[in-house]
Amino acid sequence: MRESGSRSRHVRAWIAAVGLLGVVAAIAVATATSSASASPAKAARATQACGQDVSYINKIKDPDGVFKKLPANIQARYGPWPYSVRATPWEAFKGKKPPWKIGLITFPVGSPWLADLIKQVGVEFDKAKAKGLTSGSLVKYIQASYATATPEQQAAAVQQMVRQGVDGILLLPLAGPPLVPAIDAAGKAGVPVVITDNVIDGSKYVVNVWSQNNSPAAAGVAGLVKKGNILFVRGIAGNPVEQAFQDAAVADVKACPGLKIVGTVWGKWTNATATAEVAKWLAAHPDVKVDGVIQNGIMMAGIIQAFLQAGRPVPPISGGGCQGGELSWWLAHKSTYKSVATCFNGFQTAWSEFRILLRILNGNGLKVRDIHVPVPVVTNSNLSVFATPGKPLSWPGEPRGPISGWAPNSFLDGYFNKPGNPKGF
Amino acid sequence: MSAIPGQPAAATGATRIWRRLVALQARFPILQAVLLIAVYLYAATSLSLSSWHSIREILTLAALAGLAATGQTLLILMGGFDLSVSNFILASALTVSVLRDQWGVSYEVAILVAVVAGGLFGALAGQICHRFEIQPLIVTLAMGGIAIGLVQVETGGTFAGSSPPWLIRLASPQSDTFGVIGIPPLVSIWAVVAVLMAVFLHRTAAGRRVMATGANPRAAEYSLIRTRRVWTLAFAFSGVVSALVGLLVAGSAASVDSTVGDPYLFQSVVAVIVGGTVFGGPGDYSRTALGALFLTVVNFVLVGKGATPGDQNMIYGVAILVAVALYGRERRLRDRI
């Protein structure tokens, strides 16, 4: 009797545990699906035409009144910028005497873009050293693997570099908010931290340099397709930049009433995952025609691969964050394949970022904390400028373009009170 | 034996059937097979996953997960664990890609280097675990970190590479085995591996040594089984398999980046657990194969239904709990003797 009593208590405990789990799961799912996404800004344009990119320009948060002081041509660069534009302590910064020690911190290298960026920062550092602008060696902290990388490691690296006497840091954050205290502490110690590939809205001392390099391509593909089914391939869930890409892309698709979103998969910003997830979706929906794919960055080759594997025609895929392999494939199929992409490479990013940091260290007077760099749009008509012919789809190369093709000196001059690079660098 | 007076005959019959089913489940993964069929039928009816094309896709992705779980199965049967699977996969994929693209080494030599390195690292992990009685969790995590670090030093931090066309064809769900048999090559490889693992574990002395080491290491030592050699070879095998899977993953993705190995640690462990293999035994690779298939079909359903990553994580967690609740509480081999 005692044994059967304990067994029935045991069974009841299991039933209770499983039931509780189910309730918690149901609540979580219901909450997640009903809560609004944390979009930083809603689209401001009342009548966005099909094929036109979303614009938040009339709704940009300008609490310090710095945005409205910018010339109109500079303001126009902020069309798809969904964040605030803030004042920066670096405007009053008098600068330091060169040579400067420079640090570079990045998340794990998962793309040719970042591999090339790191390489080019080294090249720029050496060129600057020859001009007496930098000294010693480039102090680097590159996280090894996403499996073990944490934002706290990057924060510790910032603190360590400041202790080592580094004068300025280029940083590609793994995640923004956890780095705010370290960046602000570095700023108070007179060490500017210039970040790219992310936007940290909560830091006073950070310098955000970012491109909304997905929504122009999304708008372009939406305008190309005009009517039909759209599949979304998203990046990493919970990433605020990914959410900003998605909000803009959804606005671009909704501007075309003939388009219908038929599915969403998560490619996690890697071609390998994008291939697998899109392949799974296609296998589960063999009768659904996909007329266009909107992807939130650097997954175009993986998506093409999935369609080729499935034996289905490759639809126009928005080429946000395009890479060399997919551009080469597109060039080879240009007569029958159309799409829209936005392209800049890691060499260009490094070239511009390095100059922004040197200008700040030189005391050129940065006008605003947040710099938005519009990206060149690639279509069939100018594809040959960016694509390298004859390369396989899996080629990990980058789009071509002049080294100053992302943010040239003339572009950067608009953001500084004193134009030009130190010592004419 | 006469029936107890007053006991209804039907209850005795039902109890007998239940006991027979439980005994069969201990020998064959019946529950796992039933769950797999149930989930697949749901997928086939609600999501059009019944076409031969869809089945090829499912089998190919399941083959990758199943192959990644091969070494893990052996180690879990032995009472060990391998946390280096994802890093060894990445290190192997990158080594081959970079040796070829940057150093001009032939693919055959590059593959040999990757496989030998995987075996050596694995063997070292097994030696350290057994000799110093350190938890495999810690040692394999360290070995994986060392492997990735070494590759990062050699490649200068470059974690991107391409895959050769023959490897992409080998890993493609649309290819046929030897160009004629209408089964993807990856699936054929998996089938061969499954048969070999079944023969190894159940029909060879070496396989019995692995099971005995897992069931009771001390008793195995007293039976003159060299458990250190078993651990070393088992971990070396896991390293070699992870290295080979790295090549197949690179082919499947048609490219290499720093995340190619990440999904396979979780998948390899969950396939073994959901399949019903217990730490230290009992279990076998057929259960792992069913576990890999089950996980893959569930994944197809979730993706096809548009589940978010959060939904997917919750459902995987529930699936693992249910699996462990249903058949993870079997007594270990050592407790049955």
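**Notes on a two-chain predicted model**

1. Let me start with helix 12 of chain B, which is mostly covered: 13 of its 14 residues are buried. A residue counts as buried here if 20 or more other C-beta atoms lie within 10 Å of its own, as exposed if 12 or fewer do, and as partly exposed in between, with C-beta atoms placed from the backbone. Helices (H or I, at least four residues) and strands (E, at least two) are DSSP runs, numbered from the N terminus. The length of this helix, residues 262-275 of chain B, also works out: at 1.5 Å a residue its 14 residues should span 20 Å, and its end C-alpha atoms are 21 Å apart, which agrees. That expected span is 1.5 Å times one less than the number of residues. Just after the helix, B:Gly276 takes a positive phi of about 105°.

2. A word on conventions. This is a predicted model, in which local features need pLDDT of at least 70 and side-chain atom pairs count only at pLDDT 80 or more, while totals for chains, interfaces and linings use all residues. Residues are numbered from 1 along each chain as its sequence is written, and chains are lettered from A and ligands numbered from 1 in the order in which they are written.

3. Now to chain A, which has 13 helices and 12 strands. Of its 425 residues, 54% count as buried. Among contacts in chain A with a separation of 6 or more, 76% are made by residues 24 or more positions apart; a contact requires C-beta atoms, placed from the backbone, within 7 Å.

4. The domain assignment of chain A gives domain 1 (88-211 + 346-374 + 406-424) and domain 2 (215-342); such bounds come from an automatic or database assignment. The C-alpha centres of these two domains lie 31 Å apart, and 6 residues of domain 1 are in contact with 5 residues of domain 2. On the domain 1 side, the touching residues divide into 2 nonpolar, 4 polar and no charged.

5. Where the chains meet, 48 residues of chain A are in contact with 44 residues of chain B. The largest share of the chain A side, 11 residues, comes from helix 8 of chain A. That side divides into 30 nonpolar, 15 polar and 3 charged residues. Ala, Val, Leu, Ile, Met, Phe, Trp, Tyr, Cys and Pro count as nonpolar, Asp, Glu, Lys and Arg as charged, and the others, Gly among them, as polar.

6. Finally, an open sheet of 3 strands in chain A has the order 9-10-12, with mixed pairing; strands pair if DSSP finds at least two bridges between them. Strands 10 and 12 of chain A run antiparallel and are joined by 2 bridges, with A:Ala341 opposite A:Val378.

How values were computed
Two residues are in contact if their C-beta atoms, placed from the backbone, lie within 7 Å.
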